[in-house]
Every structure is written in structure tokens, then in C-alpha cells.
Amino acid sequence: YRCDWSSDVCSSDLPAKDMVDDDQLFEIDRWALEACNKLTATMRDAYEHYDFSRAYHALYNFCVIDMSNFYMDVIKDRLYCADDHARRCAQTALYRILVDFTKLLAPILCFTSQEIWSYIPKLDGMKDYVVFEQMPEAKAAADEAFEAKWDRIMANRDDDSKFKRRSQQWFGKIDKDGFAHRSWMKNQGHPNDLFDGRPVIGICNTWSELNPCNAHFREIADF
């Protein structure tokens, strides 16, 4: 296997002097750190009660839902195409998440976690073996306004995903003949009557592709 987080973060060889302070991070980076903080609280409680099934499901959902399906998809352009400060903000959040995540993983996947740990650039005080590290501590939760704002963003994103799945049913799979948006399909030579009686919804793959149909996201997120 290859750990995508490890390769993305560690390929930058992020030194301590390039870490970005919390108040300089993008808001979505702070959301990702808060998601990791919630994971830490859940994992510590699960471990203390020997509830390893709960611990596993928390880790799995964090990787798939919070990180892969949302955060990593949003920041991928920033990691490779943005200016230095924007890239460092994303890398700082990824580094901090990866460190805590690997520590939380160690009790149930010790060899996997150590392999990840061996590729993480070490800051002062970090040990060579993850099992000798202290487990991360959960911090105070973010303020209610911050959480409510991001709950709305995630709800809107879920709604867009539902529309996208419905549109795929109408127009077929996402391939060269499939659904993208009205202008793309018309440029591909599809006849106008294909759209009769069917709403056409524009879905962007990355936040850099935001168009007027999705501008409400930018208003809510204020990135």
C-alpha cells in the first residue's frame, strides 16, 4: 500500500520554520484540525473502554468521509498550484493531522503506523518509534458558530452529491458521453432535446472550478 497523506505531506519535507500558526490557516484547514480533534476524543474514549470496533469505525469514517471525500479533494489544487503561503497552510494542517492520526492508529495497527511514522519528518522531541510517543490529547471543541457554519457547508455538499447521482442516472456514467454540465454537453454535440424536461446541474470537482451555480458555497465558506 501507499499512504497518500504520508506522500503528500512528507514529500514537502516541511521543516518547523515553515509551519503556519493557527490564526494564519485557511478556515477549511482549521475545520480539518477540528475534525481530527473530534477523532482524538472519540478514539481515546474507545480505547479506555476497550471498544476497538468503535475505534476502528471512527478511524475509517475519518479517513473516507472527512479526509478523502472532502478535505483532500478540496485542497489538492492548493498543494500543487497555489502560492507558497496557501500551500504551507494545507501542508501544516496535513502534517499535524498525520502525526496525531498515526499515533491514534498505533494501538491497533502497530506495524502499519510505524511504517507511516518512519516517513514523517521529525520535529524536535519526536521519537523514532511511534509506540513510544504519548497519545494526542483532545483539545476544547471549536465554538458553536464555527461548527454550525461547517455543518451547513457539509449539508449543502451532501445535497449536491445527491443531485449529481440523480443526474448520472439521467445522463449515464461520468465519461466522455456522460453528464457534466449543459455547456460541456452541448460542446460535445449533444442535441438540445436531450435536455427537455430534465434539470441540468453543474458539479465542480474542485473548489478552484467554482462557477455561478456553486457560488453559494463560496459565500458560506468564505475561503
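Here are the stops, starting with the whole chain and then moving to single helices and residues.

This is a predicted model, in which local features need pLDDT of at least 70, side-chain atom pairs count only at pLDDT 80 or more, and totals for chains, interfaces and linings use all residues. Residues are numbered from 1 along each chain as its sequence is written, and side-chain values use heavy atoms, with hydrogens and water left out.

**Stop one: the whole chain.** Switch to a cartoon view. The protein chain has 8 helices and 0 strands; helices (H or I, at least four residues) and strands (E, at least two) are DSSP runs, numbered from the N terminus. Of its 223 residues, 39% are buried. Buried means under 20% relative accessible area, exposed means over 50%, and partly exposed is in between (1.4 Å probe, protein chains only).

**Stop two: helix α5.** Select residues 110–119. The buried residues here are S113, Q114, I116 and W117. They sit on the same side of α5, because they cover an arc of only 160° around the axis; the arc is that of the directions from the helix axis to the C-beta atoms. Now look at the other side of α5, where F111 and Y119 are exposed.

**Stop three: T102.** Jump to helix α4, residues 84–105, and pick out T102. What does T102 touch, leaving aside residues up to four places away in sequence? Its partners are S113, I116, W117, I120 and V130, where a contact means heavy atoms within 4.5 Å. T102 counts as buried because its relative accessibility is 0%.

**Stop four: Y129.** Next, find Y129 in the loop between α5 and α6 (144–171). At 46% relative accessibility, Y129 is partly exposed.

**Last stop: the cysteines.** Select C36 and C81. Which is buried and which is exposed? C36 is buried, with a relative accessible area of 3%, while C81 counts as exposed at 64%. Searching the whole structure turns up 0 disulfides, a disulfide being a pair of cysteine sulfur atoms within 2.5 Å.
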